Amino acid sequence: MELLTTEEMNRADALTAASGRPVGELMLAAGQAVRDSAVDMLPDGACVYVLCGTGNNGGDGFVAARLLQESGYRVRVGIVGDRGSMRPDAAAAAALWHGPVERVSADRLEGASLIVDALFGAGLARDVQGAALEAVRLVNRSTARVLAVDVPSGVDGTTGEVRGEAVQADATITFFRLKPGHVLLPGRELCGRVRLAQIGIEPGVLDAIGSRAWLNRPSLWGSCFPVPGAGGHKYSRGHALIAGGSTMTGAARLAARAALRTGAGLVTLGAPPAVLPIYQAALEAVIVLPMDGRGGFADLLLDDRRNAVLVGPGAGADFATRELAWLALESSRSVVLDADALTSFADEPEHLFSRNKQNGNVVLTPHEGEFNRVFRGLRGSSRSKLERARAAAEASGSVVLLKGADTVIAAPDGRAAISDNAPPWLATAGSGDVLAGIITGLLAQGMPAFEAAAAAAWMHGEAAREIGPGLIAEDLPDALRPVLARLYGAAARAQST
Ligand SMILES: NC(=O)C1=CN([C@@H]2O[C@H](COP(=O)(O)OP(=O)(O)OC[C@H]3O[C@@H](n4cnc5c(N)ncnc54)[C@H](O)[C@@H]3O)[C@@H](O)[C@H]2O)[C@@H](O)CC1
Ligand SMILES: Nc1ncnc2c1ncn2[C@@H]1O[C@H](COP(=O)(O)OP(=O)(O)O)[C@@H](O)[C@H]1O
Ligand SMILES: [K+]
C-alpha cells in the first residue's frame, strides 16, 4: 500500500479531474464515506455536530452533514472562517445544506454524540491559531466521540507532526490511499482507528505520481521473501556470521538465535577467547568459534560461504569494534551494523559512508540516539522521520532502519517503508539485537537489503504481538515461528494461483 504525501494526493486529485471526473464527484463520494463511518459510530437518531472549515475538507463535512440528516440524525453544522470565502467545490456542497450554519461555541457542541472534524485536511498550511485553535480545543474538551475527515485537524498529513494543536480523534476516514501522517507519530496516535475509502480515483494515477513510500506490509517484500524449497539444504540457505562482544554477551546470542530462527542455514558466532565458554555453553545449534580481535575475525571471513555479517550487538563502542565493522564492509558481504558498531563511527561517520557506498548491501539500524550520533548533519532537523531516514540513506549509501514505534526503513534510491505494527511492549532491552539478527538471517538467504530490513521490522512487530505484554527479548526468536508459518503459507498460496 502506497503512502501519498499531501502534494502527491493533490496530483492524484488533479489527474482524476483531468480525466473527466470533477472534484465535486469525489467530494460526494468522500462525504458518503464520512456518513457511513459516522453511522457506524452512532446510535440511531443521535445528535451529530459537523465542524467545517472553508476548504474542501469542510466541503466533505457539508456533504456528510446533509446525508446524515437525510438518514434521520439530528445534525448541527459549525464553521470556522468566512462562509463567503469557501473554495468553489466546498461552497457548492455547502449550498446543498439547508440548515443553519453556526459559529462554533462550547454550548453548541453540548449534547452531540459525535463530532465530525472537517476543519482542515490536506490543505493545512500553517500552525492552527485563533478561532481554529479555539475550535480544536473545544473538540478535545468535549465528551463526544470524534470522527476526523482525512486527518485530524492540525495533523500534517505528510509528516505526522502537529502544527500548533490538533484534534484527538477516535477514528479517521481517509481517501484513496493512506498518508505518511496516518502512520508516523504523533499523527498515528491522534487518528484513532484509520479507515480507508475509495472515492473514484483510479489506481492508474499512481504510475504518474511515482510515490516512493509504502506502509510496511508483506505485499511490499513478500515476492522476494526466502521460503525453503524441497530440494534445499542448510548450505543453500545462507550462512550468517555474528561478531560476539566480550562484555555484553547476551546481545550477540539473541541476534544469533534470531538469525537461525529466521531461516539462515547456518549461523556462526565469533567469540573473544575470554568469553568463549559462555557462548559455547549458551548456544546449541549456533556454531561458536574463537575469534581473537581483528585477525580472528578476518580468519572467519576467509570462508566465503559466510555471506552475511552482523557487527555491533554488545560489541563496545570502541576502535576494535570499528575495525571489525570496517573488515565486514570491505569483505563485500551483506552487512548489518547495529548499536555499538554505529556509535564507534561517531567521530568520523564519513569513513563509514564511503565504505558503505563501495559495499552496496549494507543495513544500518540506529535508534534515535545512535542516529543523532552518526548523522550529525540531520540532528535537530525539522524534517519528518521519513525524510530524515531518506536523507541518511542517501548520505550513507546504505539502507537505514530508524527504529521506534513508527520504524522507517529507507534505501539510498529514495524508497521507504513505515512500520505500524510494533506494540509498545516491544520496547525492551535486547529487542533491537533480535531485530539485527532477523535482518542478518534474511540477508544470508539472499534477500536484498531494503526488502530484508522491511521484512525484519514487520516480523519483529508481529512476533511481539504474538507474545503480548510481558515480552522479554528472549521470547522473540521462538515467536517468529508462527509468523514464518503465515509467510510461508502466503507464499504457497501465491504460487498455487
Ligand atoms: N484530494 C482529493 O482527491 C480530494 C480531497 N478532498 C478533501 O479536500 C481536502 C483538502 O482540501 P483543501 O485543499 O481545500 O484544504 P483544507 O480544506 O484542508 O484547508 C484549506 C483551507 O484552510 C486554510 N488553512 C490552512 N491552514 C490553516 C490554518 N492553520 N489556519 C487557518 N486556515 C488555514 C487554507 O488557507 C485554505 O483556505 C482533503 O483533506 C479532503 O478532505 C475530498 O473533497 C475529495 C477529493
Ligand atoms: N514505543 C515503541 N513501540 C514499539 N516498538 C518500539 C517502541 N520503542 C522502540 N521500539 C522498538 O524496540 C526495539 C528496541 O531496539 P533498541 O533501541 O536497539 O534496543 P536494544 O539495544 O535494547 O535492543 C526496536 O526494534 C524499536 O523499533
Ligand atoms: K479534518
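The residues in the shell around ligand 2 divide into 9 nonpolar, 7 polar and 2 charged. Here Ala, Val, Leu, Ile, Met, Phe, Trp, Tyr, Cys and Pro count as nonpolar, Asp, Glu, Lys and Arg as charged, and the others, Gly among them, as polar. The model is predicted: local features need pLDDT of at least 70, side-chain atom pairs count only at pLDDT 80 or more, and totals for chains, interfaces and linings use all residues. Residues are numbered from 1 along each chain as its sequence is written, while chains are lettered from A and ligands numbered from 1 in the order in which they are written.

A residue belongs to a shell if its C-beta atom, placed from the backbone, lies within 6 Å of the molecule. The table sets out the two shells.

| Ligand | Residues in shell | Closest residues | Largest share |
|---|---|---|---|
| Ligand 2 | 18 residues | Lys403, Ala405, Ala422, Ala427, Gly432 | α19 (431-444), 4 residues |
| Ligand 1 | 30 residues | Gly55, Asn56, Asn57, Gly121, Gly123 | α3, 5 residues |

Helices (H or I, at least four residues) and strands (E, at least two) are DSSP runs, numbered from the N terminus. Around ligand 1, two or more residues come from each of α1 (6-18), α2 (23-41) and α3 (56-70). By class, the shell of ligand 1 has 14 nonpolar, 10 polar and 6 charged residues.

UniProt, in an unreviewed entry, lists "domain: YjeF N-terminal" for residues 9-207. That stretch is 40% helix and 18% strand, with its end C-alpha atoms 13 Å apart.

The UniProt feature "binding site", also from an unreviewed entry, is placed at Asn57, Asp117 and Ser153. These span 97 residues in sequence, yet no two of their C-alpha atoms are more than 9.6 Å apart, so they gather at one spot. Such annotations may be inferred rather than shown by experiment.

Asn57 is found in helix α3 and is buried, with 26 other C-beta atoms within 10 Å. Beyond four places in sequence, contacts of Asn57 include Ala118, Gly121, Val149 and Asp150, a contact being two C-beta atoms, placed from the backbone, within 7 Å.

Ser153 lies in the loop between β5 (145-149) and β6 (171-175). Ser153 is buried, with 30 other C-beta atoms within 10 Å. Not counting residues up to four places away in sequence, Ser153 touches Asp117, Leu119 and Val167, among others.

Definitions and conventions: Buried ≥ 20, exposed ≤ 12 C-beta atoms within 10 Å, placed from the backbone.
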